[in-house]
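Please read it alongside the sequence and the coordinates.

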Amino acid sequence: MKVAIVGASGAVGQELLKVLEQQKFPVDELLLFGSSRSAGRVVEYAGRKVTIKELTHNEEDFAGVDVAFVSAGASTSREYAGTITSGGAVMIDNSSAFRMDEDVPLVVPEVNGDDAFAAPRNIIANPNCTTIQMVVTLKPINDISPIKRVHVSTYQAASGAGASAMEELIEQHKALAEGREPKVEKFAHQLAYNVIPHIDVFMENGYTKEEMKMYNETKKIMHSPDIQVSATCVRVPVMRAHSEAIWVECERPLSVDEARAAFEKAAGIVLLDNPSEKQYPMPLHLAGVDPVYVGRLREDIAVPGALTFWAVSDQIKKGAALNAVQIARHLFKV
């Protein structure tokens, strides 16, 4: 297959290269695109050297491309979508540009993979990273009994704000250890030794845009307009992998045993739930892994029959690059 990556020098672009190789995706020809700053940089992939080209409105650059993975921000996706898809390429977009468009499927393969086949604009959207890991865990429960209500609190790593944000967290710790004033640029406040209940901009209803993404995207992915989702998204001083505390109420009461059995056989989930032996998912151990890990499964003592659990996933991998490649594998049956 002829494969293109737009935004090849970014954190997700670099992860896409790793995932394509790990997944043994059939890449016969690889094209890499980036900004004028990235153009000319040479990247190694599967033993070959590939030079990043500057992304322009040149339709010939995408002639014959089967699939284009795009991770260069919403404004770039909107501006160049027509160019990227002009020759028939399927554009799998990692930005928020098209996620809620009615004629663009929003896909998590373990949940709604076949939606990818209904893409009249040849654009498929990758959901927000926090939404992806949550809906993977909701699917096996929803299959038992339709979910009515979800409350979720996220604990999001610095890497969710990019490579420069990870560097800022490292530098903040260094500065504080040396008695210097830490620099704050990528976050609303100092992140080192702190948690910040603020990701993205605040909306009129008091929720942030990140929280409303979880609300809206979950409904679309799960084909459940009646499901209610209330999220609080928090940035924590972790380098990589997001965590979520999730509370779920279904149409009928569910037992822990039912949920446990469903998680154990669900695609894309690893159940790590042995609290007596201090075994539960933690981001420290799960950076770079493919599945969503679930633990701390228990009945909610405030609402009998409701469940609460803890989920951890690498948001650069499953929350972005891996999910995009899984969409392509499902779509092209490779």
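In this predicted model, strand β2 (residues 29–34) pairs with β1 in the parallel sense over 5 bridges, and within that pairing Phe33 of β2 is the bridge partner of Val6. Both strands belong to an open sheet of 6 strands with parallel pairing, whose order is β5-β2-β1-β6-β7-β8. Because β5 (53–54) and β8 stand at the edges with a single partner strand each, one side of each is left without a neighbour in the sheet.

Helix α1 (residues 11–22) lies across β1, β2 and β6 and runs at about 155° to β1. Helix α2 (residues 74–85) has buried residues that pack against β1 (2–6), β6 (67–70), β7 (90–93) and β8 (123–125); among these buried residues are Ala74, Ser77, Tyr80, Ala81 and Ile84. The end C-alpha atoms of α2 are 16 Å apart, which agrees with the 16 Å that its 12 residues should span at 1.5 Å a residue.

A further open sheet of 6 strands shows mixed pairing and the order β10-β9-β11-β14-β13-β12. Its edge strands are β10 (228–235) and β12 (269–271), each of which pairs on one side only, and neighbouring strands of this sheet are turned against each other by 20° on average, direction ignored. Strand β9 (residues 147–156) pairs with β10 in the parallel sense over 8 bridges, and Val150 stands opposite Val229 in β10. Helix α6 (residues 209–221) lies across β9, β10 and β11 (242–250), with a direction at about 145° to β10, while helix α7 (residues 256–265) packs on the sheet by touching β12, β13 (292–299) and β14 (307–313), its direction making about 170° with that of β13.

| Pair | Centre to centre | Angle between planes | Class |
|---|---|---|---|
| Phe33 and Phe62 | 4.6 Å | 25° | stacked |
| Tyr155 and Trp310 | 5.3 Å | 55° | tilted |

Since Phe33 lies in strand β2 and Phe62 in the loop between β5 and β6, their pair ties together parts that are 29 residues apart in sequence.

Terms used: Residues are numbered from 1 along each chain as its sequence is written. This is a predicted model: local features need pLDDT of at least 70, side-chain atom pairs count only at pLDDT 80 or more; totals for chains, interfaces and linings use all residues. Side-chain values use heavy atoms; hydrogens and water are left out. Helices (H or I, at least four residues) and strands (E, at least two) are DSSP runs, numbered from the N terminus. The expected span of a helix is 1.5 Å times one less than its number of residues. Buried means under 20% relative accessible area, exposed over 50%, partly exposed in between (1.4 Å probe, protein chains only). Contact means heavy atoms within 4.5 Å. Two strands pair if DSSP finds at least two bridges between them. Axes are lines fitted to C-alpha atoms, for helices over the stretch in contact, and angles run from 0 to 180 degrees between N-to-C directions. Rings of Phe, Tyr and Trp (its six-membered ring) pair if their centres lie within 6.5 Å; planes under 30 degrees apart count as stacked, over 60 as edge-to-face and the rest as tilted.
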